[in-house]
Amino acid sequence: MNIFLDAKSDRKAVSALARCRNPENEGLVSLFKQILDDTKDSLIAADGDQFRRLQGRAKALQDFIEAVEQAPQILERMK
């Protein structure tokens, strides 16, 4: 389940995610990928509440990155 792409996602939201693939937004997606990598590294040493927070952050970042990658195909199916 992806928090950014679900049955309630409308064309406007999916279109915005697809635009994140444009060259001018490449830095943003790269930043999120770097934060995801850093978060995964932090998970190795985390425990308890910190582990759960980092796990939630990693899941949200991964969902965003996957949504950006899948958005063009989903947008095409919405036509």
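The following dialogue sets values against definitions.

Tutor: This is a predicted model, in which local features need pLDDT of at least 70 and side-chain atom pairs count only at pLDDT 80 or more, while totals for chains, interfaces and linings use all residues. Residues are numbered from 1 along each chain as its sequence is written, and side-chain values use heavy atoms, with hydrogens and water left out.

Student: How do you know how many helices and strands there are in the protein?

Tutor: Helices (H or I, at least four residues) and strands (E, at least two) are DSSP runs, numbered from the N terminus. By that rule the protein has 3 helices and 0 strands, and the pattern along the sequence reads α-α-α. The C-alpha trace spans about 45 × 30 × 15 Å along its principal axes.

Student: Why is T39 called buried?

Tutor: Buried means under 20% relative accessible area, exposed over 50%, and partly exposed in between (1.4 Å probe, protein chains only). T39 has a relative accessible area of 2%, and therefore counts as buried. This residue is found in helix α2. Of the 79 residues of the protein, 29% count as buried.

Student: What does T39 touch?

Tutor: A contact means heavy atoms within 4.5 Å. Leaving aside residues up to four places away in sequence, T39 touches L54, R57, A58 and L61.

Student: Why is Q62 called partly exposed?

Tutor: The relative accessible area of Q62 is 25%, so this residue is partly exposed. Q62 belongs to helix α3, residues 48–78. Apart from residues up to four places away in sequence, Q62 touches L36 and K40. Q62 and N22, by comparison, are 40 residues apart in sequence and 19 Å apart in space, C-alpha to C-alpha.

Student: What makes the side chains of R52 and D49 a salt bridge?

Tutor: A salt bridge is a side-chain nitrogen of Lys or Arg within 4 Å of a carboxyl oxygen of Asp or Glu. For R52 and D49 the N to O distance is 2.7 Å, and the pair is a salt bridge. Both residues lie in helix α3, 3 residues apart, about one turn of the helix. R52 is exposed, because its relative accessible area is 51%.

Student: How many salt bridges does a search of the whole structure find?

Tutor: The search finds 3 salt bridges. One of them joins the side chains of K59 and D63, at 2.8 Å from N to O. K59 and D63 both lie in helix α3, 4 residues apart, which is about one turn of the helix. K59 counts as partly exposed, because its relative accessibility is 44%. D63 is at 1%, so D63 counts as buried. E76 also forms a salt bridge with K79, where the closest N and O atoms are 3.7 Å apart. K79 counts as exposed because its relative accessibility is 68%.

Student: How do you know on which side of α1 the buried residues lie?

Tutor: The buried residues of helix α1 (residues 11–19) are V14, L17 and A18. They cover an arc of only 100 degrees around the axis, so they lie on the same side of α1. The arc is that of the directions from the helix axis to the C-beta atoms. What covers these buried residues includes α3.

Student: Which residues of the largest nonpolar core touch the most other members?

Tutor: A nonpolar core is a set of buried Ala, Val, Leu, Ile, Met, Phe, Trp, Tyr and Cys residues joined through side-chain atoms within 4.5 Å. Of the 19 residues in the largest one, L5, V14, L17, F64 and V68 touch the most other members. The elements giving two or more residues to this core are α1, α2 and α3, and α3 gives the most, with 10 residues.

Student: What makes the nonpolar surface patch of about 220 Å²?

Tutor: The patch is made by L28, L31 and I35. Patches are made of residues with over 30% relative accessible area and no salt bridge, with like charges joined within 9 Å and nonpolar side chains (Val, Leu, Ile, Met, Phe, Trp, Tyr) within 5 Å. L31, which lies in helix α2 (residues 26–45), is partly exposed because its relative accessible area is 45%. Accessible areas come from the Shrake-Rupley method with a 1.4 Å probe, and for residues only the protein chains shown count as cover.
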